[in-house]
Amino acid sequence: MNRDYPTLIRHLLDKAESTASQAERDAYTEKAEHLMTRWGIQAAQKTDPRHTITTDDIVVKTFHVDGSHRAILSRYVAAPVARAAADDTITVLVTAHDKHGMWQAVGRSQDIDRVMLYVPRIVQQARDAWNTYRTVATFTTDADRRRAVKTFLAAYGNRVARRMRAINNATGHHTASTDLVCTHIRQAVDKKITDMGITFTSGRTRTWDAHAACHGYAAGDKASIAAADLNHTAQPALNA
């Protein structure tokens, strides 16, 4: 039986948002996270590993992070979280020196749609975590503040991505069959990017803020991966 995972997951997230009971919120959140994982597993299991996935199966979708620090959030939070949530079956493109928060996901449409249940909420939660941190941190200069926000959000995104990869590894869906499917998808994505004429460049070496990195990592460790901060879902931070 085919389950309508997006509808089921959104229904659970809505219930988690509307309840005043922390126990109920945790239960709905846990169920939503379980369904998100199952969605990804079944998508891989239903794909015949003998089928050669081509660039015709691969699409490019563009998204924007809105609001303050949008460029940093797109590069250091949205991008790594999207890749981790998709088990690296999508590639994320962020234009060098972009200041408008635009990023692109290259992969199968169903894989991109699945990770976009995660990404907007994680982006909003990251912004909220930074806003909390900056009220207690001290910045001597504006350059110190800019360095701190980039360091904090990069550490936050890195930690959330690591947690998502750990969940993927713990669910036991990495069988020989599903791994072969994922390999075929990644090869098709790489070929699509090559056909697009995309080249990748290394970022500049930067000086990081150790204090901000520590707090960003800790905040990412507390992030709710499934539902994020449901109190802030009324105004999504990310729009297609």
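1. What share of the contacts in the protein with a separation of 6 or more comes from residues 24 or more positions apart? The share is 80%. The model is a predicted one, and the comments below should be read with that in mind.

2. Overall make-up. The protein contains eight helices and four strands. Read from the N terminus, the order of elements is α-α-β-α-β-β-α-α-α-α-α-β. Of its 240 residues, 45% count as buried. The accessible surface is about 12,600 Å², and carbon and sulfur atoms contribute 50% of that area.

3. Helix H3. This helix covers residues 70–85 and bends by about 30° at alanine 78. A proline, proline 80, follows within four residues of the bend. Both Ala78 and Pro80 belong to the buried residues of H3, a list that also includes Ile72, Leu73, Val77 and Val81. Buried positions continue to the end of the helix, with Ala84 and Ala85 among them.

4. Surroundings of H3. Which elements do the buried residues of H3 pack against? Three are strands: S1 (59–65), S2 (91–93) and S3 (102–107). The others are helix H4 (109–115), helix H5 (119–134) and H6. Just after H3, aspartate 87 adopts a positive phi of about 55°.

5. Salt bridges in helix H6. The structure has nine salt bridges by the rule applied here. One of them joins the side chains of aspartate 142 and arginine 145, at 3.0 Å from N to O. These two residues are separated by about one helical turn because they lie three residues apart in helix H6 (residues 142–170). Aspartate 142 is partly exposed at 42% relative accessibility, and arginine 145 is partly exposed at 29%.

6. A second pair in H6. Aspartate 144 and arginine 147 also meet in a salt bridge through their side chains, with an N to O distance of 2.5 Å. Their spacing is three residues within H6, about one turn of the helix. Arginine 147 has a relative accessibility of 30%, so it counts as partly exposed.

7. In H7, lysine 191 and aspartate 195 are four residues apart, about one turn of the helix. They form a salt bridge whose closest N and O atoms are 3.0 Å apart. Are these two side chains buried or partly exposed? Lysine 191 counts as partly exposed, with 44% relative accessibility; aspartate 195 is likewise partly exposed, with 49%.

8. Nonpolar patch. Val60, Met196, Ile198 and Phe200 make a nonpolar surface patch of about 330 Å². Where does isoleucine 198 lie? Isoleucine 198 sits in the loop between helix H7 (176–196) and helix H8 (210–222).

9. Aromatic residues. How many aromatic pairs does the structure hold? There are six. One aromatic cluster is formed by Trp130, Tyr133, Phe139 and Phe152. A pair of aromatic rings is described by the distance of the centres and the angle of the planes.

Conventions:
Residues numbered from 1 in each chain as written. Predicted model: local features only at pLDDT ≥ 70, side-chain atom pairs only at ≥ 80, totals over all residues. Heavy atoms only, no water. Patch = residues over 30% accessible without salt bridge, like charges linked within 9 Å, V, L, I, M, F, W, Y side chains within 5 Å. Areas by Shrake-Rupley, 256 points an atom, 1.4 Å probe, with all protein chains shown as cover. Salt bridge = Lys/Arg side-chain N within 4 Å of Asp/Glu carboxyl O. Buried < 20%, exposed > 50% of the residue type's maximum accessible area, 1.4 Å probe, protein only. Contact = heavy atoms within 4.5 Å. Phe/Tyr/Trp six-rings, centres within 6.5 Å; stacked < 30°, edge-to-face > 60°. Bend = angle between axes of the 7 residues up to and from the residue.
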